[in-house]
Amino acid sequence: MYRLKPVMNQDVVCELPTCMYTLKPVCAYSHDPKAFSADSATGLAAAGPVDPMSIEIDNLLQKAENDELRMLAERQQRVLQQLAELKKEIMAMRTELKLNANAPPAVQPTTPLKSKAQLKAEPINLTCLQDFVVNASPEYVPYSLLALKNLWKDRLNLQVECFTHSTVPKLSEEALAFQNAVTASGTAAANLPRIKVTLIWKNVGAYTEMITSPTSYVPICGEVNILRYLSRCGPSEFNYEQQDNVDEVDSILDACYLLLNKQNVKQRQQILRTLGAKLGKAAGFGGADLSLCDIAFTSAVKQVQRTVAKDVNPNMHKCMGRVAALAGL
């Protein structure tokens, strides 16, 4: 190819004026001897000069990393110191209380159970009494309300008013008979504590619901759970939690709840057989005394007797007849 003359001669000397101070170049690379020395690990020479700004950035990053590690170590040391102080305080409290790590746990003394006469003598806590609303289906009549109204007539006045929702065109004969019985004014004394119950016939199925606060609308679903609530705020002799077989009573009440809410006939028959095994040959689930389980069982069987009538054994019929006679069902 043809040779061309250089466009610009780099050997041109520029004369600088001497009337001003001279400054070093701003964008000049300083000579780093390490950049041109051989690497100790690879034995290769460095590629070129090192930028001072890159070195300064590396130094700053290394300093920040060291500061973070130092702060983390100081924080860990403070946590360990606090744990050590907490251990000393716990050991001091243990010494004051004279606790022995190898000693067996102390047995808490159990509260002696009250007799039936003592429970009857206890007054009703008026702060727990609250009016409420019950939504029930005419196909699943809550007979337990009528039972409690008759059993509590000497201790608590359970006043029931009935209304029919627009979704229910007509009440069944069982619902009408129950409504007449539960709304009838009994012989309760005028000075007794009172709970006003508003019963609304509504298409809610087997899930009878109870509403204590219309504003929040947090329902208690299930007739058995309504019985649990009323047993706590009613007379003490009907509160099954005052007895020593609370777990057994809860299991029977749960079985009565399932008997109502299981739609499969075979499942209802299996639950009924379980309840029959728990009842055995006794007069009732609570023995000689009428219990909350007897009321829940009688109400549940009366509501589903169309599907399980042939599976009710003679002792169950006897228990239900006893409840009907004592509770006026």
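This is a predicted model: local features need pLDDT of at least 70, side-chain atom pairs count only at pLDDT 80 or more; totals for chains, interfaces and linings use all residues.
## The chain as a whole

The secondary structure of the chain comes to nine helices and five strands, and these elements follow one another along the sequence in the pattern α-α-β-α-β-α-β-β-β-α-α-α-α-α.

Among contacts between residues at least 6 apart in sequence, 73% join residues that are at least 24 apart.

## Helix 8 against helix 9

Two packed helices are described by the angle between their axes and the distance between the axes. For helix 8, which covers residues 292–308, and helix 9, which covers residues 314–327, the axes come within 9 Å and cross at roughly 110 degrees. Because angles of 65 to 115 degrees count as roughly perpendicular, helix 8 is described as roughly perpendicular to helix 9.

On the helix 8 side, the residues that meet helix 9 are Asp-294, Ile-295, Phe-297, Thr-298, Val-301 and Lys-302, and their partners in helix 9 are Met-316, Cys-319, Met-320, Arg-322 and Val-323. Sorted by type, the residues of this contact divide into seven nonpolar, one polar and three charged.

## Asp-294, a buried residue in helix 8

Asp-294 is found in helix 8, and its relative accessible area is 0%, so this residue counts as buried. Leaving aside residues up to four places away in sequence, Asp-294 touches Gly-284, Phe-285, Gly-286, Asp-289, Cys-319, Arg-322 and Val-323.

The side chain of Asp-294 also makes polar contacts with the backbone. The side chain reaches the backbone nitrogen of Phe-285 at 2.7 Å, and it reaches the backbone nitrogen of Ser-291 at 3.2 Å.

## Asn-313, in the loop between the helices

Where does Asn-313 sit in the chain? Its place is in the loop between helix 8 and helix 9, and with a relative accessibility of 29% Asn-313 counts as partly exposed. Asn-313 and Arg-273 are 40 residues apart in sequence, and their C-alpha atoms are 9.1 Å apart in space.

The side chain of Asn-313 reaches the backbone nitrogen of Met-316 at 2.7 Å, and a polar atom of the Asn-313 side chain lies 3.2 Å from the backbone nitrogen of Asn-315.

Definitions and conventions
Residues are numbered from 1 along each chain as its sequence is written. Side-chain values use heavy atoms; hydrogens and water are left out. Axes are lines fitted to C-alpha atoms, for helices over the stretch in contact, and angles run from 0 to 180 degrees between N-to-C directions. Helices (H or I, at least four residues) and strands (E, at least two) are DSSP runs, numbered from the N terminus. Angles under 35 degrees count as roughly parallel, over 145 as roughly antiparallel, 65 to 115 as roughly perpendicular and the rest as oblique. Contact means heavy atoms within 4.5 Å. Ala, Val, Leu, Ile, Met, Phe, Trp, Tyr, Cys and Pro count as nonpolar, Asp, Glu, Lys and Arg as charged, and the others, Gly among them, as polar. Buried means under 20% relative accessible area, exposed over 50%, partly exposed in between (1.4 Å probe, protein chains only). A polar contact is a pair of N or O atoms within 3.5 Å; within protein, one must be able to donate a hydrogen and the other to accept it, and residues adjacent in sequence count only if both atoms are side-chain atoms.
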